Amino acid sequence: MNGTVFLVGAGPGDPRLLTVGAMECMKRAEVVVYDHLADESILSYAPADAELIYVGKQSCKHTMRQEDINVLLADKAAEGKTVVRLKGGDPFVFGRGGEEALLLLERGIPFEILPGVTSAVSVPAYAGIPVTHRGVAVSFAVVTGHEDPTKAHSNIRWEHLATGVDTLVFLMGVANIPVITKKLIEHGRPADTPAAFIRWGTHPEQETYVTTVGEAAETVVRAGIRPPAIFIVGDVVKLRDNLRWFDRPATRPLFGKRILVTRARVQASALTEKLTALGAACIEAPVIRIAPPADGYAALDGAIAELNAYQWLIFTSVNGVEHFFARLHAAGKDTRALGYARVAAIGAATSAALRAFGIRADLVPPEFRAEAVAEELRPLLPPRARILLPRAQEARDVLPDTLRAHGAIVDVVAAYETVPEIEDAAIAQRLASGEIDMVTFTSSSTVKNLVKMLGNITPLQQVKIACIGPVTADTARSFALEPDIVAKEYTIDGLVRSIKEYMQ
């Protein structure tokens with residue numbers, strides 16, 4: 001039996017513009033055939049065992065001819081596979097999706113079309129330029145800018161287009177701007193009509209160049225504008241000064257900055273989301289992975305079996321909370337098993353994680369460090385207090401040693417382990433090339449493992465370094481890396497605020 005081909009529009013670049021339908025198709029895909037302009041983060045929605053085939057086409061550089069792409073889709077579907085043809089923008093707006101669909105129809109292959117957000121509308125919107133606006137423009141046209149200028153006859157009806165539509169959007173037209181603007185002026189469009197180029201629209205790298213029809217060709221040369229870019233013509237361009245939002249420094253101060261986020265893979269998204277909201281282009285490099293402790297939870301399970309012996313439980317991280325309660329539930333128990341034990345938490349995030357399990361921490365020190373916990377906890381401890389400390393296997397001994405010095409009996413049990421993630425040569429190359437502006441570290445283990453992955457500190461000496469707190473900063477200094485930013489509040493929100501303040 002034949003499989004099915006889904007012709008899917010990936011949108012213009014910002015992965016937030018991917019439709020729900022497109023995401024669902026990606027999750028079902030066995031084969032993904034994708035373009036140059038499809039944001040590669042979208043590929044993460046595909047199953048881990050899906051076959052990914054790149055067929056991107058750039059100006060004067062085609063990985064695969066369109067005719068061959070058509071056949072590839074049909075052949076893969078004929079194997080009974082679910083195929084997603086992931087195309088930048090919309091499949092039917094200069095996307096050649098119609099050609100692919102016709103070949104599938106000819107071969108008897110079932111297909112579905114999932115429209116995408118077209119760059120013709122979304123890219124101007126991200127630049128603060130509406131294609132229509134009351135009192136300014138009541139019509140717009142989307143035009144190919146890629147038409148061969150050497151053809152004897154143009155398929156574009158310039159005599160009607162130049163003055164018959166308020167807003168003109170030319171896609172893929174940078175190389176042909178001299179011809180495009182010449183035709184517009186020849187057919188009545190005033191040379192002083194506002195115009196703009198928007199390059200890498202909706203991407204963190206977006207660049208906008210405001211010009212006029214008469215000066216556009218010179219602007220391309222002077223600014224070195226290269227594809228991918230759209231060219232928009234019309235009085236709506238004047239609205240950019242007021243409607244600009246995506247690249248406005250006042251509200252998105254990190255716009256254009258490329259930041260390397262080093263956290264465990266499942267935890268990176270929270271930091272990435274907050275930095276992206278401020279305009280940053282985040283590159284996630286999971287340098288650690290959260291894994292079960294080396295003893296297979298034996299020590300933690302043993303402590304849970306004797307919970308009634310403890311007067312205090314101290315949690316130092318969200319991971320410690322989650323792994324502790326996972327093992328508590330695995331033992332057939334719930335929060336009632338904590339009995340009269342009091343609970344301390346290091347950090348607001350750890351405290352919030354406890355609340356999710358119905359536990360309100362009795363103590364959350366104002367300073368989120370192990371030393372501060374010991375100082376705050378000391379006057380609350382009864383003589384010979386017994387304390388359970390479920391934490392990372394490789395954590396520092398400052399807290400338990402300090403508590404023991406004050407007469408407490410502290411049982412330290414490994415609730416989880418952080419292990420190095422797979423090496424990524426691309427990260428080293430991007431650091432070495434100067435493509436990355438800043439690296440964030442959210443724990444000592446992220447520092448250690450990134451340095452280990454790179455093999456040396458040289459690539460990190462050329463970028464800004466942001467650390468979540470003084471302990472992580474000290475670890476960076478131990479590798480001769482002086483942090484530029486150390487969060488005043490040792491949380492993800494605190495780190496983001498400190499980065500924002502530093503960059504403003």
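1. Accessible areas in this note come from the Shrake-Rupley method with a 1.4 Å probe, and for residues only the protein chains shown count as cover. On that basis the protein chain exposes about 23,500 Å², of which carbon and sulfur atoms supply 52%. Buried residues (under 20% relative accessible area, with exposed meaning over 50% and partly exposed in between, for a 1.4 Å probe and protein chains only) make up 50% of the 504 residues in the chain.

2. On provenance, this is a predicted model, in which local features need pLDDT of at least 70 and side-chain atom pairs count only at pLDDT 80 or more, whereas totals for chains, interfaces and linings use all residues. Residues are numbered from 1 along each chain as its sequence is written, and side-chain values use heavy atoms, with hydrogens and water left out.

3. For the overall layout, the C-alpha atoms of the protein chain fill a box of roughly 95 × 55 × 45 Å, taken along the principal axes. The chain is divided into domain 1 (4–116), domain 2 (120–243), domain 3 (258–287 + 421–503) and domain 4 (298–419), with bounds that come from an automatic or database domain assignment. The C-alpha centres of domain 1 and domain 4 lie 50 Å apart.

4. The protein chain has 18 helices and 22 strands, where helices (H or I, at least four residues) and strands (E, at least two) are DSSP runs numbered from the N terminus. Among contacts (heavy atoms within 4.5 Å) between residues at least 6 apart in sequence, 66% join residues at least 24 apart.

5. Strand β16 (residues 312–315) runs parallel to β17 and is joined to it by four bridges, and the bridge partner of Trp-312 in β17 is Arg-342.

6. Helix α17 (residues 470–478) has Pro-470, Thr-472, Ala-473, Thr-475 and Ala-476 as its buried residues. What covers them includes β20 (438–441), α16, β21 (464–467) and β22 (485–486). Just after α17, Ala-480 takes a positive phi of about 65 degrees.

7. The structure holds zero disulfides, a disulfide being a pair of cysteine sulfur atoms within 2.5 Å. Cys-282 is in no disulfide, and the nearest cysteine sulfur, that of Cys-467, is 16 Å away. Cys-282 is partly exposed, with a relative accessible area of 21%, whereas Cys-25 counts as buried at 6% relative accessibility.

8. Ala-372 lies in helix α13 (residues 370–377) and is buried, with a relative accessible area of 14%. Leaving aside its neighbours within four places in sequence, Ala-372 is in contact with Pro-365 and Glu-367. Ala-372 and Leu-388, which are 16 residues apart in sequence, are 17 Å apart in space, C-alpha to C-alpha.

Terms used:
Pairing = 2+ DSSP bridges.
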